[in-house]
Amino acid sequence: MAARNLVHGMGTFFKDCEHPQGRWSRCSHEYKIRYRSAAGRQTEESGFPTQAEAIDRLTELYRAKRARPENQTKADRIRKYGVMQFGAYVAEWKAGQRDLGPASLKHLDSLLEHHLFPAFHSRRMGTFDHKVVDAFIQTMERNGVGLATQSNAFDKLKAILLDAHRLGLYDESPLDGVKPPQYDPKRAVIPSPAQLQGIRSSADDTFLLISDLMSGCGLRNGEAAAVNVNNIVAEDVYRVTEQVNQTTKGYAPLKHRKEGDYRDVPLPARTRLSILSYADKYGTVDGYLLRHPLDITKPFPYYYLQNEWQRIKRAGGVDIPEGMTIYGLRHFFASNCLGHNIPITDVAEWMGHKSIDITFKIYRHLMPGSIGHAAQVLDLGLAA
């Protein structure tokens with residue numbers, strides 16, 4: 001077998017036949033090419049009738065590999081991407097987000113359509129700095145965008161700009177010194193035990209079950225909607241394995257978790273009784289207690305919770321704290337834990353927070369007298 005080298009790094013073309021290289025142009029055997037892929041693996045392709053077609057294919061592959069950002073010089077990348085509009089850059093960036101599931105992609109598209117593209121679609125990538133990012137956050141605040149949406153939109157912008165920073169578009173990150181949207185603990189409106197009992201007594205059986213799972217086990221509302229009697233793994237332990245995704249309306253992995261991941265949470269006796277009583281009264285479908293009221297083959301719909309919550313509030317017979325949302329039931333779980341001196345590290349794990357920093361930001365003010373208690377304990381040691 002003979003072969004002929006081209007430009008260094010381009011690869012080679014050859015024939016596997018018995019004919020010498022001088023007769024390749026006259027024999028009927030097809031040409032093959034050999035080259036290094038973008039991943040560095042030696043690769044072969046065959047089926048080229050002529051030498052020109054083999055060389056054309058090698059040239060195409062070589063140019064594509066050279067065009068990859070990691071194979072360009074910093075100056076090349078700045079020239080290419082610095083003038084590129086945000087919308088075009090995001091299209092390339094999004095194509096590389098292969099780990100995102102359907103629900104995450106749909107959420108990303110929503111954030112792009114409603115928040116990032118209206119602000120930046122035609123902006124050149126090289127013009128971003130901390131002032132631009134700060135102005136974006138301030139605009140969302142002025143427009144009354146919800147804090148959770150502000151945080152999500154900022155996180156996506158942050159991921160895109162960090163990608164551009166890694167390519168060398170900025171000498172300093174445009175995120176340096178930017179204060180991200182902060183969760184305001186005052187917005188976490190939490191019912192008292194008496195108010196929680198009032199809500200429970202006014203709810204129908206379905207909302208009662210969900211409120212017990214949220215306030216008793218710390219489940220998110222989507223996780224409570226996916227409650228399954230088979231997830232009672234011990235008398236005092238419930239295993240959270242999935243959620244009903246509000247976007248796809250189907251079962252999905254837990255937030256911040258991969259398919260098959262789970263977390264075990266404490267199961268108070270009252271919450272366990274609530275699960276078993278509901279299952280005994282209404283039955284289950286493959287262990288699931290809650291299904292679509294019009295089609296039991298489908299998961300439980302989120303809109304039902306909102307409708308029932310609004311009904312309870314309109315009835316006016318319950319003392320509901322001003323500004324409380326359904327999520328206040330989950331806040332009650334955290335408050336109950338911390339108020340009984342359960343370590344915040346455990347609370348963060350049970351609630352499924354991605355980072356304990358999130359738990360601290362939301363609930364640190366609920367830890368009764370933590371600084372004063374610490375001062376007293378330290379003083380005892382100093383006086384010994």
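**Cysteines and rings in a predicted model**

Guide: Cys-17 is buried, at a relative accessible area of 10%. The model is predicted.

Visitor: How many disulfides are there?
Guide: A disulfide is a covalent bond between the sulfur atoms of two cysteines. The cut-off for the sulfur pair is 2.5 Å. By this rule, the count of disulfides is zero.

Visitor: How far from Cys-17 is the nearest cysteine sulfur?
Guide: Cys-17 is in no disulfide. Its nearest cysteine sulfur belongs to Cys-27. The sulfur must lie within 2.5 Å to count. Here the distance is 3.9 Å.

Visitor: Is Cys-27 buried or exposed?
Guide: Buried means under 20% relative accessible area. Cys-27 has 13% relative accessibility. So Cys-27 counts as buried.

Visitor: How many aromatic pairs does the structure hold, and what kind is the pair of Tyr-81 and Tyr-89?
Guide: The structure holds twelve aromatic pairs. The ring centres of Tyr-81 and Tyr-89 are 5.7 Å apart, with the planes at 85°. Planes over 60 degrees apart count as edge-to-face. So this pair of Tyr-81 and Tyr-89 is edge-to-face.

Visitor: What is the angle between the planes of Phe-300 and Tyr-304?
Guide: Phe-300 and Tyr-304 form an edge-to-face pair, 5.2 Å centre to centre. Phe-300 is buried, with a relative accessible area of 5%. The angle between the planes of Phe-300 and Tyr-304 is 70°.

Visitor: Which ring has the charged end of Arg-239 over it?
Guide: A charge sits over a ring only within 6 Å of the ring centre. The charged end of Arg-239 is 3.9 Å from the centre. The ring is that of Tyr-262.

Note on methods:
Residues numbered from 1 in each chain as written. Predicted model: local features only at pLDDT ≥ 70, side-chain atom pairs only at ≥ 80, totals over all residues. Heavy atoms only, no water. Buried < 20%, exposed > 50% of the residue type's maximum accessible area, 1.4 Å probe, protein only. Phe/Tyr/Trp six-rings, centres within 6.5 Å; stacked < 30°, edge-to-face > 60°. Lys NZ or Arg CZ within 6 Å of the ring centre and 35° of its normal.
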